[in-house]
Amino acid sequence: MKKTRIYLFMISIGIVLAVFIGYHTLLPQNALPYDDDQEGLSDQIVFKFSHVVAENTPKGQAAAKFAELVDKNSNGTIKIVVFSNGSLFSDIEEINALKDGQVHIIAPSTSKLGMLSTDWGVLDLPYVFPNYEAMVEGIHGKIGNQLLNSLEKEGIKGLAHWSNGFKQFTTNNGPIVVPEDLRGQTFRIMQSDVIKAQFDLLGAESHQESFNSTYNLIEAGTVDGEENTISNIYSKKFYNVQKYLTLSNHGYLGYAVMMDQKVWDQQTENTQKILLEAMNETTTWNDLNSIKLNEEQLELIKQNSSIQLHELTKTEIEKWKTDLDPIYEELSKTIGEELVGEMQELRMRFEVEKQ
Ligand code: LMR
């Protein structure tokens with residue numbers, strides 16, 4: 001009996017060993033064909049950069065340019081892998097994904113950062129920047145830096161502001177010429193209470209929905225319209241499902257490029273230097289590229305679609321400003337009186353320079 005047990009035990013060990021050895025000899029030892037790109041892979045640092053817009057947009061092109069510069073300046077030892085069109089995370093998910101370490105770099109629109117700090121709402125105030133020069137000073141000067149630094153308390157490293165440009169209205173219920181034209185209409189907007197307050201003030205209903213659901217919401221008739229930059233209207237083909245486009249330039253749309261602070265702190269000084277230098281070069285390049293791209297894509301919309309276009313005249317813009325301006329007073333406590341005051345000072349300075 002004892003002999004039989006020993007015999008059975010030996011057979012079991014034999015079977016386990018045979019399966020183990022067999023499995024390992026069947027595994028492809030060199031599954032991947034040789035590729036010199038993979039040489040030194042273990043020495044390579046890879047950062048995943050996720051965003052929600054198309055590649056032919058200011059943010060899409062800036063992300064690609066940043067990746068190219070980092071690759072070049074690090075001799076291929078640092079790679080930025082860009083995921084566009086919300087293919088990894090939607091705008092609603094990406095901040096948590098960054099905090100969880102599922103992605104390393106994101107560039108959400110600043111309008112969506114109210115969940116981190118109400119200060120960000122200052123950039124959503126109506127007609128906040130009278131022109132591009134004011135915008136450059138606003139986002140790259142004292143106000144912009146203060147906003148990026150405010151991310152620290154959330155454990156986030158703010159790297160830069162990338163502008164997209166100014167927002168326009170599109171709708172199927174138009175044309176939109178005067179503020180009263182918004183009354184009773186329904187719009188998809190970004191996740192921002194400051195933007196919502198403006199639609200409320202003008203008697204419009206607003207739905208805070210993700211960017212990538214916008215086309216379907218319009219097509220299904222759930223909303224009449226939306227507000228966005230020309231580049232987003234063009235690259236997501238909103239012009240195919242909207243009848244009216246109003247060039248209103250009524251608000252700013254731009255991005256805060258950010259990393260998780262812990263991930264940033266783990267990098268060597270040299271890696272941080274390479275990332276920052278590439279980021280600064282990309283940011284300066286984007287300031288002009290975003291203007292150019294929006295202009296080119298407006299021409300493409302004019303050529304390729306039957307959308308009915310209206311450009312607000314100076315007098316019409318004055319009426320929009322007068323009607324929307326009470327928002328500054330209404331929200332200044334929530335956003336921060338000092339910050340709103342600084343922004344109003346900048347706005348006035350550029351208004352005067354413009355005349
Ligand atoms: C939007 O949600 O409309 C924009 O923030 C999308 C983007 O990232 O430009």
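Select Ser290, which counts as buried because its relative accessibility is 0%; buried means under 20% relative accessible area, exposed over 50%, and partly exposed in between, with a 1.4 Å probe and protein chains only. The model is predicted: local features need pLDDT of at least 70, side-chain atom pairs count only at pLDDT 80 or more, and totals for chains, interfaces and linings use all residues. Residues are numbered from 1 along each chain as its sequence is written, and side-chain values use heavy atoms, with hydrogens and water left out.

Ser290 lies in helix H10 (residues 269-304). Helices (H or I, at least four residues) and strands (E, at least two) are DSSP runs, numbered from the N terminus. Leaving aside residues up to four places away in sequence, Ser290 touches Pro58, Ser163 and Asn164, where contact means heavy atoms within 4.5 Å.

**The whole chain**

Now display the whole protein chain, which has 13 helices and 11 strands. Of its 355 residues, 51% count as buried. Among contacts with a separation of 6 or more, 76% are between residues 24 or more positions apart.

**The five-stranded sheet**

Select the strands of the open sheet with the order S2-S1-S3-S10-S4, whose pairing is mixed. Two strands pair if DSSP finds at least two bridges between them. Strand S2 (78-83) and strand S4 (156-166) are at the edges with a single partner strand each, so one side of each has no neighbour in the sheet.

Strand S1 (residues 45-50) and S2 are parallel and share six bridges; Phe47 has Ile80 in S2 as its bridge partner. Helix H2 (residues 58-73) packs on this sheet, touching S1, S2, strand S3 (105-106), S4 and strand S10 (252-260). The direction of H2 makes about 165° with that of S2; axes are lines fitted to C-alpha atoms, for helices over the stretch in contact, and angles run from 0 to 180 degrees between N-to-C directions.

Next, colour S10. Is this strand enclosed or open to the outside? Nine of the nine residues of S10 are buried, so the strand is largely enclosed by the rest of the structure. One side carries Tyr252, Gly254, Ala256, Met258 and Asp260, the other Leu253, Tyr255, Val257 and Met259, and all of these are buried.

S10 pairs antiparallel with S3 over two bridges, and Ile105 has Met259 as its partner there. S4 and S10 are also antiparallel, joined by nine bridges; look for Ile156 opposite Asp260. Helix H5 (residues 142-149) lies across S4 and S10, at about 135° to S4.

**The six-stranded sheet**

Move to the open sheet with the order S7-S6-S8-S5-S9-S11, again with mixed pairing. Its edge strands are S7 and strand S11 (308-311), each pairing on one side only. From one strand to the next, the twist averages 25°.

Thr186 is bridged to Glu205 in S7. Follow the chain from S6 through helix H6 (residues 193-201) to S7: this β-α-β crossover is right-handed, which means that, with the strands pointing away from the viewer, the path from the first strand over the helix to the second runs clockwise.

Thr246 stands opposite His310.

**The nonpolar cores**

Show the side chains of Phe66 and Trp162. In the largest nonpolar core, of 57 residues, these two touch the most other members. A nonpolar core is a set of buried Ala, Val, Leu, Ile, Met, Phe, Trp, Tyr and Cys residues joined through side-chain atoms within 4.5 Å. Leu123, Ile139, Phe166 and Ile335 are among the members of a second, separate core of 37 residues.

**Backbone exceptions**

Most residues other than glycine have a negative phi, and most peptide bonds are trans. Select Gly174 and Pro175, which are joined by a cis peptide bond with omega about 0°. Pro175 is in the loop between strand S5 (168-171) and S6.

Asn85, in the loop between S2 and helix H3 (94-99), has a positive phi near 55°; at 34% relative accessibility, Asn85 is partly exposed. Lys237, in the loop between helix H8 (230-235) and S9, also has a positive phi near 55°. With a relative accessible area of 43%, Lys237 is partly exposed.
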